[in-house]
Amino acid sequence: MINNEGIIIYRDVHKWYGDFHVLRGITFTMQKGEVVVICGPSGSGKSTCIRTINRLEEHQRGQIIVDGIELTNDLRNIEAIRREVGIVFQQFNLFPHLTALQNVSLAPFWVLKMRKSKAEEAAMKLLERVGIPEQAQKYPAQLSGGQQQRVAIARALAMSPKIMLFDEPTSALDPEMIKEVLDVMKNLARSGMTMIVVTHEMGFAREVADRIIFFDYGQLVEENTPEEFFHNPKHDRTKLFLSQILEY
Amino acid sequence: MDENQLAGYADKNQLPPPSERIPAIRWLKQNLFSSWFNAILTIVSTVLIMTIVFGLLRWALEARWEVIPANLKLLLVGTYPVEHLWRVWATVYLIAFLLGFSSGAHGGLMRRVSTTAALVSVVLAVLPFPWGTRGWLLGIAVAAVAGFGLGYLGKGIRWCKRLEIASWILSFPISLIFLNGVGGILPVIKGRTMWGFMLNLIGAVVGIGLSFPVGVLLALGRRSKLPAIRLVCTAYIEIIRGVPLISLLFMASIMLQLLLPASVRPDLLIRAMLTITAFSAAYMAENVRGGLQAIPQGQYEAAYAVGLNRALTTILIILPQALRIVIPAIVGQFIALFMDTTLFGFIAILELLNITRSIMGNLEWRGTIFELYAFIGIVFWILCYSMSYVSRRIEKTLGVGER
């Protein structure tokens with residue numbers, strides 16, 4: 001255990017894709033139970049940044065500590081962290097050959113070695129929590145986008161993670177379905193879950209976030225409370241961004 | 001707007017789709033006689049088709065079909081001793097019983113297959129075979145029904161499914177040992193390179209059963225992150241795919257004969273089966289690799305993110321999807337392998353084609369080439385079509401293409 005304050009700690013984290021410098025020295029700390037929204041223009045490194053937390057992307061310099069475990073190439077550390085961090089993807093990434101219920105109960109059965117009946121019972125409870133118990137026996141292709149994303153949230157929650165990551169969870173959804181997903185996320189935030197959400201939904205950010213982080217060119221431009229972020233942004237780049245996205 | 005109003009709105013203005021039925025005359029005009037040129041083409045091709053069909057019919061009516069029943073035993077099981085033929089029947093019964101058992105336990109596709117097998121055996125029993133043969137044939141249906149009953153009763157019992165899978169896997173080695181014989185218990189059949197069509201079937205089953213898992217492993221190996229494994233698998237696949245099967249078979253039969261002393265050299269038949277397995281596995285690997293490449297990166301990420309390790313991700317997430325995509329290609333490979341077993345004839349193994357040639361050489365049956373080849377064609381067609389039918393049904397039940 002590394003003794004440090006905070007459930008997620010980034011210290012001067014760098015990453016390159018070939019010559020392209022995606023993350024240019026990210027430093028921030030998150031406390032347990034906090035909800036942080038990351039926003040910024042596309043290509044600014046927001047997604048890459050949160051995907052380094054469960055090592056779907058590797059960082060090349062700096063230090064990332066998640067719940068006291070430092071992310072290194074050690075496979076045991078990576079697997080330990082992945083069990084504690086759930087992620088929800090923009091494209092859902094449900095397993096198309098499994099039913100909604102099987103999608104959710106798969107990892108508890110195989111990774112946590114839960115009994116099958118118990119894993120399915122727990123999965124059913126989670127599907128109830130995200131509001132689609134009646135879809136349990138359907139395959140992903142038979143569900144709407146919003147329903148698929150809610151199954152994906154349930155799947156991530158099934159491992160009882162301490163931290164939930166959301167990588168633009170509503171960007172691939174029809175406007176009518178965005179609300180049902182955001183509602184689930186709002187309830188999750190209220191239940192005390194530690195969450196990092198990459199999103200363009202400024203209404204959600206304003207209502208739910210404890211903090212908003214603004215990214216541009218792989219750098220953390222501004223870190224602020226929602227109140228200050230929307231009404232009194234410190235940085236000119238933030239002002240420009242806000243004026244562009246809030247215009248419509 | 002209240003709920004009733006909303007519901008009314010949803011039902012409003014619904015019309016049935018326009019009728020698509022076309023009268024026969026108009027269909028003919030549209031499709032066959034739309035212009036002078038097409039009309040002439042239609043007439044010419046009709047005459048051509050009729051000539052061929054009538055020619056075939058006339059030949060079929062005049063052909064000496066008696067060559068088939070007279071040599072049926074030879075064609076199907078070669079010189080397998082008559083007093084041991086019950087072992088062949090027993091093997092067939094075992095398979096029929098297992099088919100029935102699976103169909104009783106699951107229904108669906110298995111039920112169709114086993115029902116068809118039972119019906120075919122009953123129909124065959126009606127044909128003018130000797131009475132003893134008819135009895136044996138009816139036994140197939142009895143075995144299938146018995147299996148069905150047991151499977152139906154055992155449904156729902158937990159160990160029943162495990163027992164079923166285990167018996168299917170064990171049935172192949174058991175059948176082989178049973179047919180071949182074991183020293184001391186069942187007499188070993190001498191001259192076992194003379195088993196006729198049964199040999200093609202056994203070669204195909206062994207080849208399919210072994211080349212599939214080996215092919216999957218080769219495909220995974222070719223995509224491995226470890227350079228040594230990747231190199232070995234790639235080299236194997238590319239070398240085997242560059243050599244014709246027949247030359248591999250000759251190498252297995254002649255070169256091994258020169259290189260290895262008889263004491264350590266496996267039987268010719270085993271060498272032939274291993275060769276066809278090794279050959280087919282390389283093609284299988286490339287088919288499977290195609291499926292693996294079609295799986296999006298997001299599936300790996302999602303699996304890793306919920307804590308699955310690499311092995312579990314491959315087994316639970318990637319392979320089921322990848323194999324489903326390539327079922328048509330894999331079944332095509334199975335069919336090709338089955339037909340390739342006729343190449344065994346070139347290395348002095350008496351499979352169906354080779355036996356046929358020896359029958360043609362018999363003075364009594366001179367000039368029956370077409371009858372015999374037609375028989376071979378029909379037998380192979382029935383089995384290959386069954387395979388492709390089963391694969392289509394599997395695709396359907398697995399829901400390929402409706403992602």
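Analyst: B:Ala144 has a relative accessibility of 8%, and therefore counts as buried. In this description, buried stands for under 20% relative accessible area and exposed for over 50%, with partly exposed in between, using a 1.4 Å probe and protein chains only. The model is a predicted one, in which local features need pLDDT of at least 70 and side-chain atom pairs count only at pLDDT 80 or more, whereas totals for chains, interfaces and linings use all residues. Residues are numbered from 1 along each chain as its sequence is written, chains are lettered from A and ligands numbered from 1 in the order in which they are written, and side-chain values use heavy atoms, with hydrogens and water left out.

B:Ala144 belongs to helix α7 of chain B. Helices (H or I, at least four residues) and strands (E, at least two) are DSSP runs numbered from the N terminus. When neighbours within four places in sequence are set aside, B:Ala144 is in contact with B:Ala96, B:Phe97, B:Gly100 and B:Ala118, contact being heavy atoms within 4.5 Å.

A pair of aromatic rings is described by the distance of the centres and the angle of the planes. Rings of Phe, Tyr and Trp (its six-membered ring) pair if their centres lie within 6.5 Å; planes under 30 degrees apart are stacked, those over 60 edge-to-face and the rest tilted. This rule gives 20 aromatic pairs over all chains. B:Trp59 and B:Trp65 make an edge-to-face pair, because their ring centres are 5.6 Å apart and their planes stand at 70°. B:Trp59 is partly exposed, at 28% relative accessibility, and B:Trp65 is partly exposed, at 31%. B:Phe148 and B:Tyr152 pair as well, in a stacked arrangement with 5.9 Å from centre to centre and 20° between the planes. These two residues are four places apart in helix α7 (residues 131-154) of chain B, so about one helical turn separates B:Phe148 from B:Tyr152. An α-helix has 3.6 residues a turn, so residues three or four places apart point the same way. Relative accessible areas of 29% for B:Phe148 and 47% for B:Tyr152 place each of them in the partly exposed class. In chain A, one aromatic cluster is formed by A:Phe214, A:Phe229, A:Phe230 and A:Phe241.

The axes of α3 (residues 100-110) and α5 (residues 145-157) of chain A come within 8 Å and cross at roughly 20°. Axes are lines fitted to C-alpha atoms, for helices over the stretch in contact, with angles from 0 to 180 degrees between N-to-C directions. Angles under 35 degrees count as roughly parallel, over 145 as roughly antiparallel, 65 to 115 as roughly perpendicular and the rest as oblique; α3(A) and α5(A) are therefore roughly parallel to each other. At this contact, A:Ala100, A:Asn103 and A:Val104 of α3(A) meet A:Val151, A:Ala154 and A:Arg155 of α5(A). By class, the residues are four nonpolar, one polar and one charged. Ala, Val, Leu, Ile, Met, Phe, Trp, Tyr, Cys and Pro count as nonpolar, Asp, Glu, Lys and Arg as charged, and the others, Gly among them, as polar.

Helix α3(A) is mostly covered, with eight of its 11 residues buried; among them are A:Leu101, A:Ser105 and A:Pro108. The cover over the buried residues includes α4 (116-129) and α5 of chain A, together with α14 (310-325) of chain B. A:Gln137, in the loop between α4 and α5 of chain A, is exposed at a relative accessible area of 58%. Residues up to four places away in sequence aside, A:Gln137 touches A:Thr99 and A:Leu101.

Two loop residues of chain A concern the backbone. Most residues other than glycine have a negative phi. A:Phe92, in the loop between β6 (85-88) and α3 of chain A, has a positive phi near 65° and is buried, with a relative accessible area of 10%. A:Asp67, in the loop between β4 (61-66) and β5 (69-70) of chain A, has a positive phi of about 50° and is partly exposed at 22%.
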